[in-house]
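Morning, everyone. I'd like to walk you through one model today. Please have a look at it first.

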Amino acid sequence: MVHPASNEVPAAGAMLYVHPFAEEMNKSRRMAAMQSRALAASGWTVLQFDLLGCGDSEGDFGDATWSRWLEDTYACVEWLRAETGSMPALWGLRVGALLALHAMRALSPVPGLLLWQPVVSGKRYLQQFLRLGVAGQLGSADGAARVGTQQLRDLLGHGESVEVGGYAMSPGLALGLEASELLPPPAPTRVAWLEVTSSTTLELPAASSQCVETWRAAGHHVDVGVIEGLPFWQTSEIAECAALIQATLGAVEAWRS
Amino acid sequence: MLDIDREVLGVLVVTLNLKAGARHLQGDSPLLGAIPELDSMAVATVITSLEDRFGITIADDEIDGSVFATVSTLTNFVKSKLAESAA
């Protein structure tokens with residue numbers, strides 16, 4: 001859906017939101033909508049779309065592949081560009097950040113890249129996701145009888161789909177995700193990297209901070225913000241983080257076209 | 001420097017959405033079987049959160065019921081993983 005920019009403030013440009021993976025998308029729906037409305041009120045035209053097999057899109061999750069999701073993303077970028085006359089900034093949450101970064105390799109330079117709690121390693125994320133599929137056996141003492149994440153990974157490697165937490169995942173989705181890493185953007189762009197933590201030390205997790213260092217060493221300007229709050233993309237009850245919305249508005253202020 | 005005991009407790013409280021009454025977890029507080037919120041999916045989510053928070057990698061076969069017996073057994077497990085990755 002499109003959140004048209006308010007006409008009571010100067011136009012800021014366009015932004016495309018790329019949602020996270022599987023259940024994380026449902027958990028974060030409210031925060032994404034709240035942020036989209038706040039951005040629209042400050043002059044951004046925001047497009048929220050559903051990748052193939054997710055939310056209100058056509059198709060089943062089991063039909064989704066990583067390359068199809070990239071195609072979906074390119075199509076939405078083109079739509080926004082045609083609609084607003086300029087390249088949109090990209091905003092991705094979790095795996096959505098990984099997908100947005102991957103998509104940038106095939107796109108014209110974008111005016112900004114907003115990362116919320118980005119997944120830095122698709123490989124690690126896949127393993128964590130597969131673990132949900134074997135969770136019922138994690139607590140059992142009988143190690144020999146267990147089905148492990150490695151067995152699910154082997155099935156994918158043999159071209160079979162696996163079912164995890166009610167989601168049928170195709171090899172084309174799993175292996176594409178697994179091969180994706182949060183590499184530095186292909187062209188210079190302004191980056192806002194925002195993470196939410198419930199930790200008492202407001203620091204980036206080790207994996208993220210290594211990644212930020214790599215990007216900076218490659219010459220990118222990365223604005224980092226760590227905000228205290230609940231992990232709204234995974235909490236069992238829907239959570240909000242108002243401070244993240246404010247921090248985001250502040251971070252993208254400099255990107256106005 | 002992370003206060004590991006406090007961080008592990010924080011991960012449990014946040015991941016399980018423990019209500020105010022259940023937040024008085026201590027070292028010897030029993031976990032598996034004692035906290036209804038800690039079902040198998042929650043165990044997986046706690047493991048993922050610990051991996052991300054501490055930058056460690058936990059294999060399937062390192063997790064059995066004894067790790068999630070009490071707050072202390074879980075905290076000690078995290079400490080041993082951190083010692084392993086520092087070595």
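Let's start with one pair of strands. In chain A, β4 (residues 89–93) and β5 (residues 113–116) run parallel and share four bridges. Within that pair, A:Gly92 sits opposite A:Leu115 of β5(A). On terms: helices (H or I, at least four residues) and strands (E, at least two) are DSSP runs, numbered from the N terminus. Two strands count as paired if DSSP finds at least two bridges between them.

Some ground rules. This is a predicted model, where local features need pLDDT of at least 70, side-chain atom pairs count only at pLDDT 80 or more, and totals for chains, interfaces and linings use all residues. Residues are numbered from 1 along each chain as its sequence is written, while chains are lettered from A and ligands numbered from 1 in the order in which they are written.

Now the whole sheet. Which order do the strands take? In chain A it is β1-β3-β2-β4-β5-β8-β9, seven strands in an open sheet with mixed pairing. The edges are β1 (2–3) and β9 (222–228) of chain A, each pairing on one side only. Helix α1 (residues 23–41) of chain A packs on this sheet, touching β1, β2 (13–18), β3 (44–48) and β4 of chain A. The direction of α1 makes about 155° with that of β3(A). Axes here are lines fitted to C-alpha atoms, for helices over the stretch in contact, with angles from 0 to 180 degrees between N-to-C directions.

Look at β3(A). It pairs with β1(A) in the antiparallel sense, over two bridges. With β2(A) the pairing is parallel, over five bridges. Is β3(A) buried or exposed? Five of its five residues are buried, so the rest of the structure largely encloses it. Buried means 20 or more other C-beta atoms within 10 Å of a residue's own; exposed means 12 or fewer, partly exposed in between, with C-beta atoms placed from the backbone. A:Trp44, A:Val46 and A:Gln48 cover one face, A:Thr45 and A:Leu47 the other.

Next, the largest nonpolar core. It has 91 residues, and A:Met15, A:Leu16, A:Leu90 and A:Leu115 touch the most other members. A core is a set of buried Ala, Val, Leu, Ile, Met, Phe, Trp, Tyr and Cys residues joined through C-beta atoms within 7 Å. Helix α3 (residues 95–104) of chain A gives the most, eight residues.

Last, confidence. The model scores ipTM 0.86 and pTM 0.93.

Terms used
Two residues are in contact if their C-beta atoms, placed from the backbone, lie within 7 Å.
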